[in-house]
Amino acid sequence: MRPSRNLIHIVSSWVRRQPPKAKAFLAVVLGMVALAVLRSVVHDHDNLFVAAEAVHSIGISVLIYKLMKERTCAGISLKSQELTAIFLAARLYCSFVMEYDIHTILDLATLATTLWVIYMIRFKLKSSYMADKDNFALYYVLVPCAILALLVHPSTSHHFVNRVFWAFCVYLEAVSVLPQLRVMQNTKIVEPFTAHYVFALGIARFLSCAHWVLQVLDSRGHLLVALGYGLWPSMVLISEVVQTFILADFCYYYVKSVLGGQLVLRLPSGVV
């Protein structure tokens with residue numbers, strides 16, 4: 001165990017010393033390798049989206065376990081949960097009126113559990129809620145996402161309102177974790193259950209991104225044409241990539257902490 005820990009320390013120290021551009025390059029290379037592995041292992045790439053929803057549900061389940069077992073919501077961002085509920089509700093509406101399928105059922109289950117978490121934080125465990133740390137203003141993301149959805153949305157035959165809602169939930173999902181990252185940035189110490197939850201979000205976002213990228217590659221770009229014309233197809237892919245990279249830094253320190261045998265995750269300055 002000691003040699004492996006030493007190796008982890010050497011690798012992590014080397015990565016930490018690299019300039020930002022080198023770290024970004026390493027992240028891109030690692031992501032491309034992971035995509036190549038998924039493409040060869042998972043034959044039906046639609047399963048990646050289902051897997052992303054399932055991992056998100058697992059993350060929510062970990063959060064529920066924390067709330068029920070420890071009876072505290074310290075370190076959890078209520079605002080991130082509210083943003084998650086908003087984009088899930090918007091996506092659920094779009095699923096009902098545009099394409100009712102297995103994703104609708106998964107979104108419904110995830111929305112129900114997210115609303116329960118919000119209820120627990122707001123009413124049952126309000127005394128442990130760290131409102132002073134959860135200080136990210138929601139209009140910083142809601143307003144830009146709404147404006148962007150009005151300007152750039154699908155060009156399909158669906159009603160204008162439905163297309164705007166579709167775009168809004170895509171953009172909002174990409175940045176919904178920002179308040180949670182702000183809480184962790186303010187506290188610097190992340191207890192295990194919250195860390196597991198955020199890591200699950202990171203894995204879910206990567207699987208969702210992989211689903212879109214591999215679908216585009218498999219269709220040789222025809223999927224982008226099916227999504228419509230203009231900026232919308234590119235914005236879908238950009239949103240998926242953005243939400244993946246937002247959590248990449250945290251996931252690195254999470255894996256490092258777990259492999260190093262640390263139960264509590266301590267984030268260096270400048271992370272997230």
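Analyst: The following account treats the salt bridges and then the nonpolar core and surface.

This is a predicted model, in which local features need pLDDT of at least 70, side-chain atom pairs count only at pLDDT 80 or more, and totals for chains, interfaces and linings use all residues. Residues are numbered from 1 along each chain as its sequence is written, and side-chain values use heavy atoms, with hydrogens and water left out.

The structure holds six salt bridges, each defined as a side-chain nitrogen of Lys or Arg within 4 Å of a carboxyl oxygen of Asp or Glu. One of them pairs R91 with E53, with the closest N and O atoms 2.8 Å apart. Because R91 belongs to helix α4 and E53 to helix α3, this pair ties together parts that are 38 residues apart in sequence. Helices here are DSSP runs (H or I, at least four residues), numbered from the N terminus. R91 is buried, with a relative accessible area of 12%, and E53 is buried as well, at 4%; buried means under 20% relative accessible area, exposed over 50% and partly exposed in between (1.4 Å probe, protein chains only).

R91 also meets E173 in a salt bridge of 3.0 Å, N to O. E173 lies in helix α7 and R91 in helix α4, so the pair links parts 82 residues apart in sequence. Both E173 and R91 are buried. Through shared partners, salt bridges join E53, R91, D107 and E173 into one network.

A further salt bridge, between K66 and E70 (3.7 Å, N to O), lies within helix α3, where the two residues are four apart and therefore separated by about one helical turn. K66 is buried, at 1% relative accessible area, whereas E70 counts as partly exposed at 35%.

Turning to the nonpolar parts, the largest nonpolar core has 57 residues, and Y171, W232 and L247 have the most contacts inside it. Such a core is a set of buried Ala, Val, Leu, Ile, Met, Phe, Trp, Tyr and Cys residues joined through side-chain atoms within 4.5 Å. Elements that give two or more residues to this core include α3, α4 and α7, and α7 supplies the largest share, ten residues.

Y140, found in helix α6, counts as exposed at 53% relative accessibility.
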